[in-house]
Amino acid sequence: MSLSFQFHEKKSFMHSLDPVTKLIWMLCISVLVFLYETSLPQFILFTIVFSSALILAKLSIGFVIRGIWIMLLFSIGFFILQVLLVPGENVLFTMGPLNIYSESVDFALAITLRILTIFTTSLIFVATSDPRDIVNSLTQKMKVPYRYAYSIFVALRFVPTLEQEAKVIEAAQTIRGVGKQKGLKNKALNMKRFTLPLLMGAVRRVRVTANTMEAKGYGAYSDRTYIRKVSYTASGVMFGAVWCITTVYLIVERII
């Protein structure tokens with residue numbers, strides 16, 4: 001059972017980077033995708049990010065596709081709507097009474113690639129960053145109060161757990177002969193049968209976590225000590241510097 005949006009321990013360049021450097025990289029990518037409005041720069045950015053997932057993070061193509069397939073389906077629907085609704089001047093081709101403009105296709109493709117680039121970047125960050133290192137980086141390097149940093153840690157830990165519990169519930173219901181049924185009414189019943197045990201499990205897990213934190217006196221002091229230390233590496237500093245310089249250069253070039 002492989003879950004995409006959770007940390008996967010491997011030996012790769014992206015895994016060796018500290019989370020702060022990867023946050024800077026994500027910020028640079030986010031700035032660049034909103035800097036351009038045409039499809040060609042967006043395609044180049046998506047290609048760079050996708051290649052980074054395969055080469056620098058050593059994630060397989062199937063893993064990346066499984067991680068972004070929901071957003072990929074959403075993007076396809078969004079692309080079709082944008083092509084049909086956004087006006088243009090140059091007719092690319094005609095579909096019955098509808099004129100498809102080249103400007104509409106270019107804009108829709110740019111927006112679609114922008115969404116996929118941001119989502120793939122987030123996937124790389126989550127898959128290559130240990131949640132404990134993320135919390136330690138936020139508290140040790142960025143001086144974020146550990147109470148707030150821990151909330152991010154809980155989210156990163158609970159989301160994959162809920163995904164795994166959902167698969168277990170689905171498998172258990174299938175074994176008991178309560179499989180998925182077609183039809184709108186049956187889909188609503190399937191959702192109810194599936195959601196309730198998932199929510200009950202989530203509430204139970206949150207209650208146990210809260211009681212554990214209360215028993216350990218979590219948050220009683222303004223500061224705390226850490227077993228794990230996060231440090232910057234030379235390759236990470238160089239990687240972040242290259243992306244920052246490239247981003248600033250492209251922004252200045254775009255403005256001028």
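How many helices and strands are there in the protein? And what lines the largest pocket?

Author: The model is predicted. The protein has nine helices and two strands. Along the sequence the order is α-α-α-α-β-β-α-α-α-α-α. The C-alpha trace spans about 65 × 55 × 30 Å along its principal axes. Of the 256 residues, 35% are buried.

Now the pocket. The largest pocket has a volume of about 500 Å³. Its lining is made of 17 residues. Arg 132, Tyr 150, Phe 153, Tyr 218 and Arg 224 lie nearest the centre. By class, eight of the lining residues are nonpolar, five are polar and four are charged.

Three helices each give at least two residues to this lining: α6 (131-140), α7 (146-175) and α8 (184-215). Helix α6 gives the most, with four residues.

Take α6 next. Ser 137 sits in this helix. Ser 137 is buried, since its relative accessible area is 2%, and buried means under 20%. Its side chain reaches back to the backbone oxygen of Asp 133, at 2.7 Å.

Past α6 comes a loop. Lys 143 lies in the loop between α6 and α7. Lys 143 is exposed, with a relative accessible area of 65%. Its phi is near 55°, a positive value in a residue other than glycine. Another lysine has a positive phi. Lys 58 has a phi of about 55° and is not a glycine either. Lys 58 belongs to the loop between α3 (39-56) and α4 (61-85).

Phe 153, one of the residues nearest the pocket centre, is found in helix α7. Phe 153 is buried, with a relative accessible area of 16%. Follow the chain 37 residues from Phe 153 and you reach Asn 190. The C-alpha atoms of these two residues are separated by 31 Å.

Next, the annotated spans. The UniProt record, an unreviewed entry, marks residues 20-36, 68-87, 107-127 and 230-252 as "transmembrane region". Two of these spans can be set against the model. Residues 68-87 are 90% helix and 0% strand. The end C-alpha atoms of that span lie 29 Å apart. Residues 230-252 are 83% helix and 0% strand. Here the end C-alpha atoms lie 33 Å apart.

A disulfide is a covalent bond between the sulfur atoms of two cysteines. The count here comes to zero disulfides. Consider Cys 28. Its closest cysteine sulfur is that of Cys 244, at 4.2 Å. The cut-off for a disulfide is 2.5 Å, so the two sulfurs are too far apart for a bond. Seen from Cys 244, the closest cysteine sulfur is that of Cys 28, again at 4.2 Å. Cys 28 is buried, with a relative accessible area of 6%, whereas Cys 244 is partly exposed, at 31%.

To return to your request: the largest pocket has a lining of 17 residues, with α6 giving the most.

Terms used: Residues numbered from 1 in each chain as written. Predicted model: local features only at pLDDT ≥ 70, side-chain atom pairs only at ≥ 80, totals over all residues. Heavy atoms only, no water. Buried < 20%, exposed > 50% of the residue type's maximum accessible area, 1.4 Å probe, protein only. 1 Å grid on protein atoms, 1.4 Å probe; cavity = no way out; pocket = protein on both sides within 12 Å on 5 of 7 lines; lining within 4 Å. Points joined across faces, edges and corners; volume = space filled by probe spheres on them. Nonpolar A, V, L, I, M, F, W, Y, C, P; charged D, E, K, R; others polar. UniProt positions renumbered as here; feature names shortened; annotations may be inferred. Polar contact = N/O pair within 3.5 Å; in protein donor to acceptor, adjacent residues only side chain to side chain.
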